[in-house]
Amino acid sequence: MMTRAAIVVCWVLAIGLALFLVLPLAVIAAASFSPTPVFDLPLSGASLRWYGRIGRLDGFWPSLFLSLQIALLSTALSLVAGTLAAIAIARGKLPGATALGTLLVSPLMMPGLVLGIALLQYFRMIGFTATWSALLVAHLVVTLPYVARTMIAGLSRFDFTLIEAARTLGCTYAGSVIRVMVPALAPSFLISGLFSLLASFDNYPVSIFLTDVRSKTLPIRMLQYIEEAPDPTLAALSTLILAGTLVLLLISDRLVGLHRMAGTAD
Amino acid sequence: MTEAVLSAPVVKPAPDRERLAALGFVAPSVLIIAVVFVLPLALLLGVSVLDSKGGPTTAHYVRLLGTPYYLGVIWNSLRLGLLTTLIAFVISYPAAFALARARGPLRSALLATLFLPLAASVIVKAFAWTILLRSDGLINTVLIALGIIEDPIRMIFTQTALIIGAVNIFLPFMVLPIYAVVAQLDGRYAEAAATLGASPAVVFLRVILPLTLPGIIAGVALVFSLSVSAYVVPTLLIGEKYPTLATTIAKAYLLARDPGFGAAAGVVLLAIAVVVVALSTLLSREPK
């Protein structure tokens with residue numbers, strides 16, 4: 001029961017919010033087609049030269065591969081570990097399940113930079129100096145809370161008796177999990193996977209303390225490019241990533257609906 | 001959730017076997033968090049009370065909490081967190097109701113604008129804002145063209161730039177949890193209250209607000225803890241002029257090589273985050 005004026009205000013804010021969120025992305029996309037090395041808007045023409053330069057950025061490919069490896073691996077591991085934990089917590093067969101849930105989600109709210117320096121000291125103390133493994137382990141702490149949070153919320157709304165019903169109707173246990181639980185939880189899997197991937201891929205504050213000169217993740221390279229010589233190459237790279245994500249979002253919307261994904265984000 | 005309604009033909013495992021399985025299920029996650037999160041933070045706590053020779057000291061905390069400069073730094077962090085959270089909430093809460101009413105392609109488009117920014121690096125978005133907010137940038141150009149201002153306003157490297165950038169970057173984390181709750185809101189409660197004679201204001205305060213409180217708490221806690229500890233945003237949008245706890249920590253480690261002081265600053269930032277988590281947990285347990 002909202003009054004007409006309140007409804008109008010809500011809509012104005014929602015549209016304004018959408019435009020505000022897209023504004024910097026539009027600037028990045030526009031700058032990527034700039035014919036000159038300076039970001040002058042409006043553009044005096046269009047050029048694809050910066051797209052051709054992405055691959056020639058100093059140290060770009062190793063950084064991209066490193067970031068992709070770490071993001072994909074930490075997300076995959078978190079999805080498995082986090083979903084298992086969420087099942088145990090949501091089924092409530094464990095003493096102190098709520099406290100465990102809070103523990104698993106808590107790194108999400110903790111300052112990344114503090115985790116970064118804490119890990120730097122900790123890894124040095126225990127003599128764990130392998131950069132790649134250190135990054136992977138650290139990123140698990142970045143991605144696991146996203147999965148735990150979304151899966152606990154998703155599973156707390158899932159009716160586990162449905163699995164028993166499927167088994168009564170002749171499904172095997174594995175079959176009932178795959179055919180009943182997985183489709184019901186698809187939005188939770190998608191959103192936690194997407195959030196984990198992006199959180200790891202874009203992580204700066206934890207990675208900065210764990211990388212060395214030879215292996216730098218992409219965000220650390222990007223800040224270095226911006227500080228050294230900002231030209232639209234970075235904008236071109238970001239535009240490609242945005243386009244890729246847009247495709248992912250369109251597919252997700254077709255498959256499960258963005259509103260179902262957003263609805264599990266509490 | 002009703003257990004065992006249809007369980008007759010299914011052999012139920014013994015309760016202690018179930019508990020054992022549940023323990024096995026949580027073990028990997030708990031192990032990761034314990035070894036790579038709790039232990040390192042405990043170590044940080046230790047480092048923060050050690051001097052450069054390894055002896056116990058409270059000097060780092062005295063310096064941090066006893067000098068006006070560093071108290072100002074702590075306030076800068078809190079101020080960034082509070083302002084960002086407040087503005088993000090004021091925009092997000094009403095917008096979430098419109099979002100929940102939208103259907104079809106409009107809903108998909110609006111929701112996509114919430115997810116899409118997460119795919120652009122914070123670094124790149126902050127950089128986009130430096131382009132937008134420059135004296136000869138898009139915003140000044142538009143304002144001058146519209147005749148709203150005559151001379152360009154200096155925005156970049158000001159607190160205005162900082163807050164605009166921070167709100168922009170952390171907004172999705174406020175909207176999404178609120179939307180998730182508002183979308184599930186059962187309109188019949190509000191209708192029932194109105195039928196029983198409640199005015200729109202009363203319906204909002206007594207029915208809608210309490211029912212959406214969990215989403216508000218989740219969004220506020222998340223955005224505050226993200227913005228209070230933001231590092232890239234203040235570094236790129238305001239720089240040295242607005243030192244925060246996060247930039248102080250980074251400086252202590254990366255430039256000054258003063259891990260004890262950096263650790264103490266880290267512990268203060270951590271304490272702020274712990275208070276936020278504790279408060280939000282406590283508030284969301286409150287009976288509705």
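In the predicted model described here, chain B has a mean pLDDT of 88, with 94% of its residues reaching 70 or more. Within this chain, the mean pLDDT of the elements is lowest for helix H6 (residues 138-145) of chain B, at 84, and highest for helix H3 (residues 68-101) of chain B, at 96. Over residues 1-8 of chain B the pLDDT falls below 50, and this stretch makes 12 contacts in the model beyond near neighbours in sequence. For the complex, the predictor reports an ipTM of 0.87 together with a pTM of 0.88.

The contact between the two chains draws 94 residues from chain B and 85 residues from chain A. On the side of chain B that touches chain A, helix H1 (residues 15-47) of chain B gives the most, contributing 19 residues. By class, the residues on that side of chain B comprise 74 nonpolar, 14 polar and six charged.

One helix pair that spans the two chains is formed by H6(A) and H1(B), which pack at an angle of about 135° with their axes 10 Å apart. The crossing of H6(A) and H1(B) is left-handed. From H6(A), the contact involves A:Val137, A:Ala138, A:Leu140, A:Val141, A:Leu144 and A:Ala148, while H1(B) supplies B:Ser29, B:Ile32, B:Ile33, B:Val36 and B:Phe37. Classified by residue type, this contact of H6(A) with H1(B) has 10 nonpolar residues, one polar residue and no charged residues.

Helix H6 (residues 131-156) of chain A also packs against helix H3 (residues 60-91) of chain A, at an angle of about 40° and with the two axes 7 Å apart. Because angles under 35 degrees count as roughly parallel and those of 65 to 115 as roughly perpendicular, H3(A) and H6(A) are likewise described as oblique to each other. The crossing of H3(A) and H6(A) is right-handed, and their contact has 19 nonpolar, eight polar and no charged residues.

Within chain B, B:Ala218 lies in helix H9 (residues 200-228) of chain B. B:Ala218 has 23 other C-beta atoms within 10 Å and is therefore buried, the cut-off for this class being 20 or more.

Methods: Residues are numbered from 1 along each chain as its sequence is written. Chains are lettered from A and ligands numbered from 1 in the order in which they are written. This is a predicted model: local features need pLDDT of at least 70, side-chain atom pairs count only at pLDDT 80 or more; totals for chains, interfaces and linings use all residues. Helices (H or I, at least four residues) and strands (E, at least two) are DSSP runs, numbered from the N terminus. A residue is buried if 20 or more other C-beta atoms lie within 10 Å of its own, exposed if 12 or fewer, and partly exposed in between; C-beta atoms are placed from the backbone. pLDDT is the predictor's confidence in each residue, from 0 to 100. Two residues are in contact if their C-beta atoms, placed from the backbone, lie within 7 Å. Axes are lines fitted to C-alpha atoms, for helices over the stretch in contact, and angles run from 0 to 180 degrees between N-to-C directions. Angles under 35 degrees count as roughly parallel, over 145 as roughly antiparallel, 65 to 115 as roughly perpendicular and the rest as oblique. A crossing is left-handed if the near helix is turned anticlockwise from the far one by less than a right angle, and right-handed if clockwise. Ala, Val, Leu, Ile, Met, Phe, Trp, Tyr, Cys and Pro count as nonpolar, Asp, Glu, Lys and Arg as charged, and the others, Gly among them, as polar.
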